[in-house]
Each structure stands twice: as C-alpha cells, then as structure tokens.
Amino acid sequence: MSKVDVLLGLQWGDEGKGKIVDVLTPDYDVIARFQGGPNAGHTLEFNGTKHVLRTIPSGIFHKDKLNVIGNGVLIEPNIFKHEVEALLKKNVDARQNLYISQKAHLILPTHRMLDAANEQAKGNAKIGSTLKGIGPAYTDKIARSGLRVGDIKAIDFREKYELLKCQHLQTAHTLKFDIAAFTIDGLPIDEYEKQWLESLELLKEFKAINSEYFINECLKKDMKVLAEGAQGSMLDIDFGSYPFVTSSSTITAGVCSGLGVAPSNIGRVMGISKAYCTRVGAGPFPTELFDETGHNLCEIGHEYGAVTGRPRRCGWIDIPALRYACMLNGVTDLFVTKPDVMNSFDEIKMCINYNINGETTEEIPFEFNEVEIKPQLRSFPGWKQSLEGISDYNALPQNLLNYLDAIEIATGVHVLAVSISPDRKDVLFKKN
C-alpha cells in the first residue's frame with residue numbers, strides 16, 4: 001500500500017507551489033487539493049504562457065493524471081466555472097480528469113457579502129481578507145449550516161439555499177452593512193446570484209465522489225498520490241500568526257482531515273520556501289524591508305497577488321519561522337524558489353534569530369502580533385550573475401550554493417531542488 005506525499009508552502013503563501021506540483025506530477029497518478037478556496041492562486045508558466053489556477057489542482061495540465069478537489073476545499077461555483085472555461089480555451093477539458101468531493105463546501109454570494117461586512121466592521125483591525133467568502137463559508141461549515149457539493153442535486157437544495165441566504169442577510173443587516181451598494185465583480189449581488197445559480201449546472205457535470213474512499217482505494221492499488229496545499233504554513237488557522245491567518249489547516253495535519261487520510265498513510269512531506277520572504281495583507285512580518293531593497297524584491301520578483309493583484313510585502317528569509325514550519329509539517333525535503341530575483345544584489349541577508357525585549361530566541365512567540373521583534377541578521381555575499389541557462393544544481397554560483405547550504409543547515413532539512421526561473425524547466429534537483 002502506498003502513502004500520500006504532501007507538497008505545501010512553508011511561509012505566508014506565494015512560494016511557488018503550483019509550479020512545483022506541475023513539475024512533480026509526472027511521477028504521480030493522482031493530484032489532490034486538501035484545503036483552501038479561490039483565494040489561492042497557483043501560477044504555472046510553460047511554453048511562454050502563464051496559467052493561474054484557483055481551485056483546480058495544478059496537475060490538470062497532464063491529461064493522463066487524475067485530479068481531486070477534496071472535502072477540505074471550498075468551491076465558489078461561478079469562479080470555478082470561469083476557471084474551467086479558461087482551461088477549455090487552452091484545450092484542457094477539466095471534466096475529463098477532475099473529480100470533486102461531495103463533501104466539499106460551497107461559497108455562496110452572501111458569503112462574499114459577509115466577508116466584506118466583517119472586514120468593514122473591524123475597521124482598522126481588519127485582517128486583509130481577499131473577500132472571496134472563505135472565512136464565512138468555513139464558519140458555516142463549523143456551525144453545521146453550510147451547503148456542500150453533494151447537496152446541489154437534492155430536491156430541497158433551493159430551500160436550503162434560501163434559508164442560509166436569509167441568515168446571511170440578517171447578519172449583514174446587524175452589522176449595518178449597505179447591502180444595496182454591495183457588488184461582486186462589478187455586479188449587484190442579485191445579478192451575481194443569477195450567474196452563481198446558473199454555474200451550478202456546470203458543477204453538476206463533474207464526477208462527485210466520496211473522496212475519502214477514492215483516495216484510500218488509490219493507495220490500496222499502490223497508486224501514487226500527491227496532496228497539494230494552498231496558502232502557507234504561517235497562515236494556518238491554529239499555528240499561523242493569528243488572527244492574520246486563513247480559515248483552514250494549511251499544514252500536513254490538514255491533509256488527514258481534508259482528504260480523509262490516516263496519519264500513518266502520510267509519506268514524504270515536501271516544503272517550499274522562497275529564497276526571501278513575502279506576505280500579502282496585514283499581520284506580523286519580522287524581516288520586512290521598507291527600503292529600496294524591499295522595493296527591488298517586489299519589482300524584480302513580480303510580487304503581486306495572482307488572484308488579488310495586491311503588491312506583496314517583501315523581506316529577507318526568516319529562519320525561525322521556516323524552522324517552525326518544518327517542525328509542524330514534518331518536512332522531509334525542501335524546495336527553494338526564486339533566488340534569481342536576487343541575482344544583482346551585492347549582499348543578501350538571513351534572519352537567524354529574533355531579539356524580543358532584549359532576549360534572543362529561535363521560537364515564534366505567542367504575542368507574535370503584539371511584540372516588537374528585531375531580526376538578528378547574517379550576511380552573505382551575492383552571486384552577482386544571471387542564472388539563465390544553468391541546467392545543473394552543482395553548476396550554480398558558489399555563493400548561491402553556500403546560501404542554499406546555510407538554509408539546509410539552519411532548518412535541518414535536505415534541499416531537494418531549487419527553482420531559478422518562472423518556467424518549469426528551470427527546477428534543478430540536487431544530486432546526492
């Protein structure tokens with residue numbers, strides 16, 4: 001019986017998961033998303049074309065592979081429809097090799113309205129939500145009032161829908177939210193709702209499965225399964241920088257609950273880290289740079305959200321946070337992405353410890369959001385050259401190899417590969 005391998009982000013998201021999943025897919029039979037929703041944007045680039053996936057697993061471009069949206073994922077049917085249609089324009093028919101868990105929950109238009117209402121109510125304490133309805137949908141899931149993919153074919157679906165919609169409208173009214181002025185993608189909510197309801201018909205065309213049985217049967221048949229995470233470990237609902245986190249479990253434990261897999265059936269855990277750090281939205285970021293270097297990281301690295309378009313905050317790599325994420329996930333192999341963004345830098349820095357109230361620590365403090373954290377930095381000389389055309393890990397500039405070795409030593413995790421460009425062909429695996 002085979003085990004589920006896992007690939008997930010170790011920072012605050014945007015580490016390059018989609019690309020790495022796409023690179024690894026030829027070695028697997030099944031690619032399965034286990035959490036998150038359309039607030040995640042997985043960017044893949046090949047043959048000179050950029051592709052952004054939001055809900056569909058990143059193995060979808062391989063027609064001979066099965067893709068699964070697990071029970072831990074949220075689906076916004078209208079966004080999902082646009083994603084499917086965009087793939088069709090590229091001659092990829094997701095209906096052929098994408099299965100969807102009947103237990104995956106739906107994001108309603110009024111979930112998106114509540115997302116905006118909650119952010120408005122928080123005022124200056126807002127968390128920087130993507131306003132895709134993720135938090136309210138997971139809230140309904142936990143409150144046992146949500147709607148699932150398996151419900152859409154039920155005779156009383158519309159009745160359940162209207163009841164939940166009514167509850168949402170009442171909540172928005174209590175929050176003194178201007179419902180009449182609210183729009184989704186430029187449309188009044190009533191107009192958007194019509195599109196949303198129509199998009200359910202496309203969703204019905206996909207094979208709805210009991211994904212927990214499906215995944216475990218695949219393992220019994222010795223099929224190779226790769227679980228694909230969304231967001232990043234430092235956004236985990238329990239272990240991230242709460243409350244500036246997402247609403248699901250983004251770590252390895254989320255694979256068990258998001259796909260229905262026993263902990264004993266988890267195999268390799270491959271974590272992805274950028275060679276520096278980025279973060280979107282509010283929340284603590286100890287190594288954030290507000291100077292020209294930070295600006296250069298953003299511009300050279302094209303650090304803008306694949307879904308939101310928002311500029312990402314940028315800073316040096318944070319080893320205490322990375323080590324923490326490796327511990328939580330049981331990371332066995334490490335991918336490092338985007339060192340090429342720093343090709344022109346004279347000096348590159350790495351946060352090795354935190355200084356909090358005059359004391360040095362390697363731990364993430366409980367008061368992560370409330371205390372002043374001074375990063376203790378170690379400097380490395382830059383490699384000062386283009387990485388274009390390099391096709392062998394050991395042919396990388398020595399200063400870059402030294403930097404990667406330092407990451408490996410600091411985390412205690414083997415660096416499996418490094419990605420040196422947006423194209424999937426430029427992932428260089430380290431030879432033992």
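Predicted model: local features only at pLDDT ≥ 70, side-chain atom pairs only at ≥ 80, totals over all residues.
At 38% relative accessibility, glutamate 191 counts as partly exposed, a class that lies between buried (under 20% relative accessible area) and exposed (over 50%), computed with a 1.4 Å probe on protein chains only. Lysine 194 falls in the partly exposed class too, at 48% relative accessibility. These two residues form a salt bridge, with 3.5 Å between the closest N and O atoms. Both sit in helix 6 (residues 189-204), and being 3 residues apart they are separated by about one helical turn.

Residues are numbered from 1 along each chain as its sequence is written, and side-chain values use heavy atoms, with hydrogens and water left out. Helices (H or I, at least four residues) and strands (E, at least two) are DSSP runs, numbered from the N terminus.

**Salt bridges**

Side chains of opposite charge can pair when their charged atoms come close. Here a salt bridge means a side-chain nitrogen of Lys or Arg within 4 Å of a carboxyl oxygen of Asp or Glu. Searching the whole structure gives 26 of them.

| Aspartate 22 | Arginine 424 | 2.6 Å |

Take the bridge between aspartate 22 and arginine 424, with its 2.6 Å separation. Aspartate 22 belongs to helix 1 (residues 17-24) and arginine 424 to the loop between strand 21 (415-419) and strand 22 (427-429), so the pair ties together parts that are 402 residues apart in sequence. Aspartate 22 is buried, at a relative accessible area of 3%, whereas arginine 424 is partly exposed, at 29%.

Lysine 103 is partly exposed, with a relative accessible area of 32%.

Salt bridges also link Asp14, Lys274, Glu303, Arg312 and Lys338 in a network.

**Aromatic pairs and charges over rings**

Now to the rings. Rings of Phe, Tyr and Trp (its six-membered ring) pair if their centres lie within 6.5 Å; planes under 30 degrees apart count as stacked, over 60 as edge-to-face and the rest as tilted. The structure holds 11 aromatic pairs. One of them is tilted and joins tryptophan 12 to phenylalanine 285, at 5.4 Å centre to centre and 50° between the planes. Tryptophan 12 lies in the loop between strand 1 (4-9) and helix 1, and phenylalanine 285 in the loop between strand 14 (277-279) and helix 9 (292-300), 273 residues apart. Both residues, tryptophan 12 and phenylalanine 285, are buried.

Phenylalanine 335 and phenylalanine 429 have ring centres 5.9 Å apart and planes at 85°, so this pair is edge-to-face. The pair links phenylalanine 335 in strand 17 (residues 333-337) with phenylalanine 429 in strand 22, 94 residues apart. Phenylalanine 335 is buried, at 1% relative accessible area, while phenylalanine 429 is partly exposed, at 36% relative accessibility. Elsewhere, ring pairs join Phe157, Tyr161 and Trp196 into a cluster.
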